[in-house]
Amino acid sequence: MKHNREFEIAWQGLKPGLHTFQYDVDNRFMVEHGETETDIKNIEAKVVLKFDKKTNFFLLHFDVDGKMTAACDRCGDDFELGLWDEFDLVIKLAGEDVEEIDDEADVVFIPRSETVLDISRWVYEFVMLSVPLQRIHPDGPDGKPGCNPEALRLLNQLSEPDETPKNDIWKGLEALKDDSNNKKRKSK
């Protein structure tokens with residue numbers, strides 16, 4: 001992973017209060033931080049960080065907005081997928097025994113001796129979390145699916161029930177079942 005000072009915040013030099021930072025994220029950044037998915041391409045995201053410095057902790061609010069090229073889960077064709085999400089993170093200042101404190105889901109502990117906060121890992125994670133799990137072409141203005149019509153036709157053809165007669169080896173058992181039910185009714 002390449003070290004990038006752009007994502008470092010020297011928090012000790014900041015005055016208490018709200019500070020805004022903006023970061024542009026592209027494929028290069030994602031690959032440098034471990035992105036290996038081949039179906040995610042051409043990421044162009046803007047991450048706006050609102051950094052609220054308090055006395056013993058920081059409130060971070062990340063807004064992710066952007067787009068990427070992804071393969072449609074339904075038809076397989078590439079399309080432009082919008083990215084959008086918001087994430088909150090609390091960073092608390094702790095003593096030098098910070099290794100003994102377990103981080104919680106949205107609370108991170110750092111030692112007071114740290115003078116710089118590297119947020120590149122969180123930017124990467126939040127951009128990846130803003131990618132929808134289900135990636136399907138949006139519907140067109142006419143309400144029809146935006147997927148490849150030929151692929152949809154083939155999918156519909158494959159989903160139709162098979163009309164060939166089945167060699168049902170269990171057919172005789174159904175007759176026995178019906179016969180045993182009739183015997184039970186007669187005996188009552």
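1. Basis of the values. The model is predicted, so local features need pLDDT of at least 70 and side-chain atom pairs count only at pLDDT 80 or more, while totals for chains, interfaces and linings use all residues. Residues are numbered from 1 along each chain as its sequence is written, and side-chain values use heavy atoms, with hydrogens and water left out.

2. The core. A nonpolar core is a set of buried Ala, Val, Leu, Ile, Met, Phe, Trp, Tyr and Cys residues joined through side-chain atoms within 4.5 Å. Here the largest such core has 43 residues, and those with the most contacts inside it include Phe-51, Phe-62, Ile-91 and Trp-122. Among the elements that each supply at least two residues of this core are strand E3 (40-53), strand E5 (78-94) and helix H2 (120-129). Strand E5 gives the largest share, seven residues. Helices (H or I, at least four residues) and strands (E, at least two) are DSSP runs, numbered from the N terminus.

3. Trp-122. Contact means heavy atoms within 4.5 Å. When residues up to four places away in sequence are not counted, Trp-122 touches Phe-62, Leu-89, Ile-91, Val-108 and Leu-117.

4. Ala-45. This residue lies in strand E3. Ala-45 is buried, at a relative accessible area of 5% (buried means under 20% relative accessible area, exposed over 50%, partly exposed in between, with a 1.4 Å probe and protein chains only). Apart from neighbours within four places in sequence, Ala-45 is in contact with Tyr-23, Asp-24, Val-25, Asp-65 and Gly-66. Ala-45 and Val-127 are 82 residues apart in sequence, yet 7.6 Å apart in space, C-alpha to C-alpha.

5. Aromatic pairs. Rings of Phe, Tyr and Trp (its six-membered ring) pair if their centres lie within 6.5 Å; planes under 30 degrees apart count as stacked, over 60 as edge-to-face and the rest as tilted. The count by this rule is seven aromatic pairs. One of them, Trp-11 with Phe-58, is tilted, at 5.1 Å centre to centre and 55° between the planes. Trp-11 sits in the loop between strand E1 (8-9) and E2, and Phe-58 in strand E4, 47 residues apart. Trp-11 is buried at 5% relative accessibility, and Phe-58 is buried at 0%.

6. A second pair. Phe-21 and Phe-51 are edge-to-face, at 6.3 Å centre to centre and 85° between the planes. Phe-21 is in strand E2 and Phe-51 in strand E3, so this pair ties together parts 30 residues apart in sequence. Phe-21 is partly exposed, at 22%, whereas Phe-51 is buried, at 0%. Ring pairs link Trp-11, Phe-21, Phe-51 and Phe-58 into a cluster.
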